[in-house]
Amino acid sequence: MIEKTISLAEVEPAEFFGANNTNLRHLQNKYPKLKIIARGNELKVMGEEQEIDQLHEKIVQLINALHNQGSLTESRVNEILERNDVE
């Protein structure tokens, strides 16, 4: 098990996490084997390296969507999390 800190410095945490941390809960539900803790503009993640890397890639995609569209809707978050990305 490893621990990694993922910075959310380039986005407003409240916008990224969503109302009542809805988006954060979606991330936690998608990656139940990981322990994900939000601290300000950082996510502290503990678990297996491969799953953390997958989560990190999804976070990058969510940040890009937030920048491109100005907000993250619940449906957009679900679409990104459910998409099978080609490695």
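Contact here means heavy atoms within 4.5 Å. The model is predicted: local features need pLDDT of at least 70, side-chain atom pairs count only at pLDDT 80 or more, and totals for chains, interfaces and linings use all residues. Residues are numbered from 1 along each chain as its sequence is written, and side-chain values use heavy atoms, leaving out hydrogens and water.

**A helix pair**

Helices (H or I, at least four residues) are DSSP runs, numbered from the N terminus. In H2, Thr22, Asn23, His26, Leu27 and Lys30 meet Glu74, Val77, Asn78, Leu81 and Glu82 of H4. By class, this contact has three nonpolar, four polar and three charged residues. Ala, Val, Leu, Ile, Met, Phe, Trp, Tyr, Cys and Pro count as nonpolar; Asp, Glu, Lys and Arg count as charged; the others, Gly among them, count as polar.

H2 covers residues 22-30 and H4 residues 74-82; they pack at an angle of about 20°, with axes 10 Å apart. H2 is therefore roughly parallel to H4 (angles under 35 degrees). Axes are lines fitted to C-alpha atoms over the stretch in contact, and angles run from 0 to 180 degrees between N-to-C directions.

Most residues other than glycine have a negative phi. Asn20 has a positive phi although it is not a glycine. Asn21 also has a positive value. Asn20 lies in the loop between helix H1 (13-17) and H2. Asn21 is in the loop between H1 and H2.

| Residue | Phi | Relative accessibility | Class |
|---|---|---|---|
| Asn20 | about 55° | 68% | exposed |
| Asn21 | near 60° | 36% | partly exposed |

Exposed means over 50% relative accessible area, buried under 20%, and partly exposed in between (1.4 Å probe, protein chains only).

Note on methods:
Helices (H or I, at least four residues) and strands (E, at least two) are DSSP runs, numbered from the N terminus. Angles under 35 degrees count as roughly parallel, over 145 as roughly antiparallel, 65 to 115 as roughly perpendicular and the rest as oblique.
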